[in-house]
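This report goes through one protein model, from its sheets to its charged pairs and its ligand. Keep the structure in view while reading.

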Amino acid sequence: MPSERVGVGLIGCGRIATLQVLGYLDHPRARMVAVCDRDAELVKRRRLEWGAARAYLDYTDLLADPEVDAVEILLPHHLHREVAIAALRAGKHVSLQKPPTLTLGELAEVEAAARTAGRRLRVFENFMYYPPHVKARELVQQGAIGEPISVRIKTAAGRFDDGWQVPASSQAWRMDPATCGGGPTCFDHGYHCFNMGRFFVAEPVERVHAWIHVNRFGPTSFYDGPAMITWKYAGVPKFGSWEVIASVGMRVPSKYYASDDRIEIHGVEGILWVNRCTGHLLDEPSLVLYRDGETRAWHDLEHDWAASFRLGGRDFVDALLEDRPAAQDAAEAAETLRFAIAAHVSACEAREVRLDEVGPETRARLPGLD
Ligand SMILES: NC(=O)c1ccc[n+]([C@@H]2O[C@H](COP(=O)([O-])OP(=O)(O)OC[C@H]3O[C@@H](n4cnc5c(N)ncnc54)[C@H](O)[C@@H]3O)[C@@H](O)[C@H]2O)c1
């Protein structure tokens with residue numbers, strides 16, 4: 001980066017922007033230059049809240065702003081490809097929220113635009129920055145549980161009237177696979193969990209089998225859960241699973257979405273548990289290790305979900321200043337997207353699917369929604 005500070009532009013000022021902005025507000029070498037949203041009242045409010053110099057209604061105007069070095073794209077998924085490519089062509093570095101695009105072909109187009117423009121592209125998946133996840137991976141890599149052989153992820157969704165206030169507009173585009181790319185749980189939230197399926201085990205995921213039940217609440221509303229998704233890593237037998245449980249009568253304490261994610265990693269010599277993420281379902285230490293008849297707990301890790309956004313935002317700025325890639329690069333993101341799409345094909349076609357069956361145009365369809 002030529003300048004001493006990174007000028008940041010944020011495109012999309014909706015629900016998640018309030019957390020995403022933390023890493024930029026917090027960083028001494030980042031400056032919030034501009035915000036953009038097609039909602040005039042919202043963008044005006046955000047500009048004042050975050051002290052941005054300028055507010056735009058049209059993202060092409062933000063991209064023409066010479067003080068913007070890098071953009072964070074926080075838009076409905078069907079717009080990711082178009083806006084990311086426009087930003088890269090305008091010479092901006094891009095942080096693109098997960099899931100990066102609707103298909104692998106679209107992601108390849110964005111990656112090619114980054115290469116041509118000579119600008120950084122990172123796909124932002126915040127679970128990778130959640131301190132208990134980071135510590136758990138560090139422990140796995142240090143051999144704390146021996147060779148990891150099983151990853152089990154559980155998402156527990158609770159009562160819909162709990163947690164964050166999420167505007168209806170933020171839900172509406174997630175109810176349409178044309179704009180979301182799949183459903184709100186298994187594709188949108190799922191990107192995190194598929195990525196966690198890859199985070200602790202070195203071998204690539206080879207094949208997947210999924211049941212995804214689609215619960216309709218009316219003509220324009222559905223929930224893609226409960227779901228049970230299992231997979232096999234390549235080579236020696238190692239398995240993983242992700243279960244989505246919709247406990248619609250249960251309270252899930254959370255400052256954010258009323259849902260929580262727990263992860264259990266078994267190794268040949270021990271077990272690790274990450275006991276929370278988005279919410280605060282159980283009053284247990286965020287990370288626990290069992291080995292050799294003894295249990296060790298970590299009580300002092302930062303475990304508020306917001307920390308993962310703050311740390312992820314900071315890392316993007318640091319990466320630009322240090323001229324290094326930030327996680328995830330497009331190749332890594334493509335593997336997680338491929339995994340997510342393969343699971344959906346499996347659920348639709350009621351069969352085991354190999355990840356190499358996913359082509360550039362394959363989409364994450366949902367059973368009963370075509
Ligand atoms: N990392 C996470 O845990 C996490 C959580 C939630 C959302 N997200 C991701 O963040 C992105 C945004 O999600 P959200 O929940 O904030 O959605 P949202 O609907 O709350 O916000 C999207 C915003 O984009 C604006 N917008 C739509 N079209 C536009 C256009 N053409 N030009 C300018 N503005 C436009 C809308 O007015 C809205 O304010 C998605 O990619 C989503 O997957 C990530």
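## The parallel sheet

A70 stands opposite H93 in β5. This pair belongs to the contact between strand β4, residues 70-73, and strand β5, residues 93-97, which run parallel and are joined by four bridges. The model is a predicted one.

β4 and β5 are part of an open sheet of six strands with parallel pairing, in the order β3-β2-β1-β4-β5-β6. The edges are taken by β3 (54-56) and β6 (121-124); each has a single partner strand, so one side of each has no neighbour in the sheet. On average, neighbouring strands of this sheet are turned by 25° against each other, direction ignored. Strands of a sheet pair through backbone hydrogen bonds, and the pairing may be parallel or antiparallel.

Helix α11, made of residues 306-322, lies across β1 (6-11), β2 (30-36), β4, β5 and β6. Relative to β6, helix α11 runs at about 175°.

## Two hairpins

One of the facing pairs is R207 with K232 in β9. β8 and β9 form a hairpin, with two residues between them.

β9 also pairs with strand β10 (residues 239-246), again in the antiparallel sense, over six bridges. Here I229 has W242 in β10 as its bridge partner. The hairpin of β9 and β10 has five residues between the strands, and G235 in the turn has a positive phi of about 85°.

## Salt bridges

Side chains of opposite charge can pair when their charged atoms come close. The structure holds 34 salt bridges. In one of them, the side chains of D65 and R54 meet at 2.7 Å, N to O. This pair links distant parts of the chain: D65 is in the loop between α4 (59-63) and β4, while R54 is in strand β3, 11 residues apart. D65 counts as buried because its relative accessibility is 4%, under the cut-off of 20%. R54, with a relative accessible area of 27%, is partly exposed.

In a second salt bridge, E332 pairs with R198, and the closest N and O atoms are 3.0 Å apart. E332 lies in helix α12 (residues 330-349) and R198 in helix α10 (residues 184-199), so the pair ties together parts that are 134 residues apart in sequence. E332 counts as partly exposed, at 38% relative accessibility.

## Around the ligand

Which residues are the closest to the ligand? They are D37, H77, N126, S170 and W173, out of 25 residues that surround the ligand.

D37 has one that lies 2.6 Å from an oxygen atom of the ligand. In N126, a polar side-chain atom is 2.7 Å from a nitrogen atom of the ligand. For R174, a polar side-chain atom lies 3.0 Å from an oxygen atom of the ligand.

Conventions:
Residues numbered from 1 in each chain as written. Predicted model: local features only at pLDDT ≥ 70, side-chain atom pairs only at ≥ 80, totals over all residues. Heavy atoms only, no water. Pairing = 2+ DSSP bridges. Axes fitted to C-alpha atoms, helices over the stretch in contact; angles between N-to-C directions. Contact = heavy atoms within 4.5 Å. Salt bridge = Lys/Arg side-chain N within 4 Å of Asp/Glu carboxyl O. Buried < 20%, exposed > 50% of the residue type's maximum accessible area, 1.4 Å probe, protein only. Near = heavy atom within 4 Å. Polar contact = N/O pair within 3.5 Å; in protein donor to acceptor, adjacent residues only side chain to side chain.
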